[in-house]
Amino acid sequence: MTLAQLRYFCTAARLHSITQAADSLFVTQPTISIAIRDLEKEFGIPLFAHKSGRLQMTEEGALFYEKASAILAMCDELRAEYSVMAAHKSRVRIGIPPLLSTVFFPDLLTAFHKEYPDIWLELQEFGSVRACTLVADEVLDAALVNMEMPDIEKYKTLTLLTEPLYFAVMKGHPLEHNTSLSLKDLDGQSLILYNQDSVQNQILQTRFDAQNIYPRIILKSSQIPTIINFLRSGSCGCFLYKDILPLLPEVIGIPLEPSVETKAGLVWKRGRYMSKGLETFISFCKEYYGDSHP
């Protein structure tokens, strides 16, 4: 007995016709007839009786039809269920911080989709702190985060790159002509910092506190358009990654001395089953950035 034989039998029984069953299943009439004959031979029962030109099930055939239909329905359900599961396995949910993703993710995503068009990367914007929590809760499969995150050793990690921060202002700002700045130079200055769930924000605040630096924090945001609108006043500044600055020609970037750098990388949950999609994405990131960290 095969599933194909059961499907041929059930279709013929439902349509009361071998001819119509063959047309419906795109097979020949002898294929249907042979399948029914083989089932009758295997189980030693007549499945059909011909009455008035219509194919009618025998009593044994009706009982066989009931069980065969249940088997086919179960197989269809199993196939559908695991098809959905396979589709979900090809989806990788990644948390990305707004500022880091502006520079580092577009080109990476373009290259990844070109090589792996069947793997769907679903991106969601979160600061590093929130993103790590969602990875731990398995809401996200992985996240791009600041690698100076507290408790980052709880996660599997892959450091991808190191990026320096610059102090960014517009023309007209009192510090626009400086070739470099120390954090001390920002004492009393009007600043925009990142959102509260940003690790970079916490690192900067810690350094300010350690050196008794008291800037005037006028806004906390990780949205580039919002930050730029505030910078246009010429009275405030913010911290931006060096590689963002070429995308913002009106913004003046001033290096910090000593340098304040961010290590960015991927985190994912320890001990969790890693889907093929996530495994492929992590391997691709290693090759793309030319780095390899355990």
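A helix crossing is called left-handed if the near helix is turned anticlockwise from the far one by less than a right angle, and right-handed if clockwise. The views below come from a predicted model, in which local features need pLDDT of at least 70, side-chain atom pairs count only at pLDDT 80 or more, and totals for chains, interfaces and linings use all residues. Residues are numbered from 1 along each chain as its sequence is written, and side-chain values use heavy atoms, with hydrogens and water left out.

**View 1**
Let's start with α1, residues 3-15, and α2, residues 18-25 (helices are DSSP runs of H or I, at least four residues, and strands are runs of E, at least two, numbered from the N terminus). Their axes come within 8 Å of each other and cross at roughly 125 degrees (lines fitted to C-alpha atoms over the stretch in contact, with angles from 0 to 180 degrees between N-to-C directions). The crossing of α1 past α2 is right-handed. On the α1 side, look for Arg7, Tyr8, Thr11, Ala12 and Leu15, which meet Gln20, Ala21, Ser24 and Leu25 of α2 (contact means heavy atoms within 4.5 Å). Sorted by class, this contact between α1 and α2 holds five nonpolar, three polar and one charged residues (Ala, Val, Leu, Ile, Met, Phe, Trp, Tyr, Cys and Pro are nonpolar, Asp, Glu, Lys and Arg charged, the others, Gly among them, polar).

**View 2. Helix α1 also packs against helix α3.**
Here the partner of α1 is α3, which spans residues 29-43. The axes of α1 and α3 lie 9 Å apart, and the packing angle is about 105 degrees. At that angle, α1 is roughly perpendicular to α3. The contact of α1 with α3 counts eight nonpolar residues, along with two polar and one charged.

**View 3. Helices α2 and α3 meet in a right-handed crossing.**
This view takes in the remaining helix pair. The α2 and α3 axes cross at roughly 115 degrees and come within 8 Å. That angle makes α2 roughly perpendicular to α3. The handedness of the α2 and α3 crossing is right-handed. Ile18, Thr19, Ala21, Ala22 and Leu25 belong to the α2 side of the contact, while α3 brings Gln29, Ile32, Ser33 and Ile36. Where α2 touches α3, six contact residues are nonpolar and three polar, with no charged ones.

**View 4. A cis peptide bond links Glu257 to Pro258.**
Have a look at the backbone between Glu257 and Pro258, where omega is about -5 degrees. Pro258 sits in a loop, with strand β10 (252-255) on one side and strand β11 (261-269) on the other.

**View 5. Glu138 has a positive phi.**
Although Glu138 is not a glycine, its phi is about 65 degrees. You will find Glu138 in the loop that runs between helix α6 (128-136) and strand β5 (142-146).

Note on methods: Parallel < 35°, antiparallel > 145°, perpendicular 65-115°, else oblique.
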